[in-house]
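Hello,

Here is the structure for your files. Please look it over, then read my notes below.

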Amino acid sequence: MRPDIMKAVLLTGHGGLDKLEYRDYVMRPTAEAGEVLIKVGACGVNNTDIWTREGAYGRADDPDAVSGWRREPFHFPRIQGGDIAGRITAVGMGVDSGRVGERVLVNMALYAGPGDGLIEAGFIGSERDGGFAEYVAVPASDAIAKPANLI
């Protein structure tokens with residue numbers, strides 16, 4: 001297989017499980033400036049993944065509207081999965097190269113700035129691709145070194 005290709009499960013639209021498609025020919029992400037590339041070791045499914053797939057978050061002006069977490073138009077396809085554990089395989093510009101090889105857990109909340117609350121944040125697996133794939137690129141600040149006391 002080409003090194004720039006990976007396997008992933010893509011969300012192709014809001015709805016049921018039929019909107020999830022396994023594909024073995026997806027472009028592997030790269031670590032942009034301030035990001036790390038993680039080889040996914042495990043990724044859980046949480047309520048945000050389910051509700052995003054279902055479009056169950058509504059909008060401020062229409063609580064019954066179909067939308068994702070940010071209550072904005074959603075872009076498909078999307079790789080879901082925010083609860084990620086893995087190992088850093090590459091870093092983008094501005095990230096310490098010593099992080100390569102580090103085992104990490106991912107904070108799925110994407111805060112735009114200080115003082116942002118959870119409602120203003122985006123989510124990995126909703127506003128940007130997540131861990132239902134072999135690799136995921138995330139902001140370096142969201143890749144938290146695995147605590148030494150965890151196996």
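First, a definition: a charge sits over a ring if NZ of Lys or CZ of Arg is within 6 Å of the ring centre and within 35 degrees of the ring normal. Arg28 meets this over the face of Tyr135, at 4.6 Å from the ring centre.

This is a predicted model, so local features need pLDDT of at least 70 and side-chain atom pairs count only at pLDDT 80 or more, while totals for chains, interfaces and linings use all residues. Residues are numbered from 1 along each chain as its sequence is written, and side-chain values use heavy atoms, with hydrogens and water left out.

**Overall fold**

Along the sequence the pattern is β-β-β-α-β-β-β-β-β-β-β. A compact globule of 151 residues would have a radius of gyration near 15 Å; the chain has 16 Å, which agrees. That radius is taken over C-alpha atoms, and the globule rule is 2.2 Å times the number of residues to the power 0.38. The C-alpha atoms fill a box of roughly 45 × 40 × 30 Å along the principal axes. Buried residues make up 39% of the 151 residues. Buried means under 20% relative accessible area, exposed over 50%, and partly exposed in between (1.4 Å probe, protein chains only).

**The sheet**

Three strands form an open antiparallel sheet, in the order β2-β1-β4. β2 (20-27) and β4 (78-79) stand at the edges with a single partner strand each, so one side of each has no neighbour in the sheet. Strands count as paired if DSSP finds at least two bridges between them. Six bridges join β1 (residues 5-11) to β2. In one of these strands, β2, Met27 is the bridge partner of Ile5.

**The aromatic pair**

There is one aromatic pair in the structure. Trp51 and Tyr57 form it, edge-to-face, at 5.7 Å centre to centre and 65° between the planes. The rule: rings of Phe, Tyr and Trp (its six-membered ring) pair if their centres lie within 6.5 Å; planes under 30 degrees apart are stacked, over 60 edge-to-face, the rest tilted. Trp51 is partly exposed at 41% relative accessible area. Tyr57 is buried at 11%.

**A loop residue**

Ala60 lies in the loop between α1 (47-54) and β4. Ala60 is exposed, at 82% relative accessible area. Its C-alpha atom is 9.5 Å from that of Glu72, 12 residues apart along the chain.

Best wishes

Conventions: Helix = DSSP H or I, 4+ residues; strand = E, 2+ residues; numbered from the N terminus.
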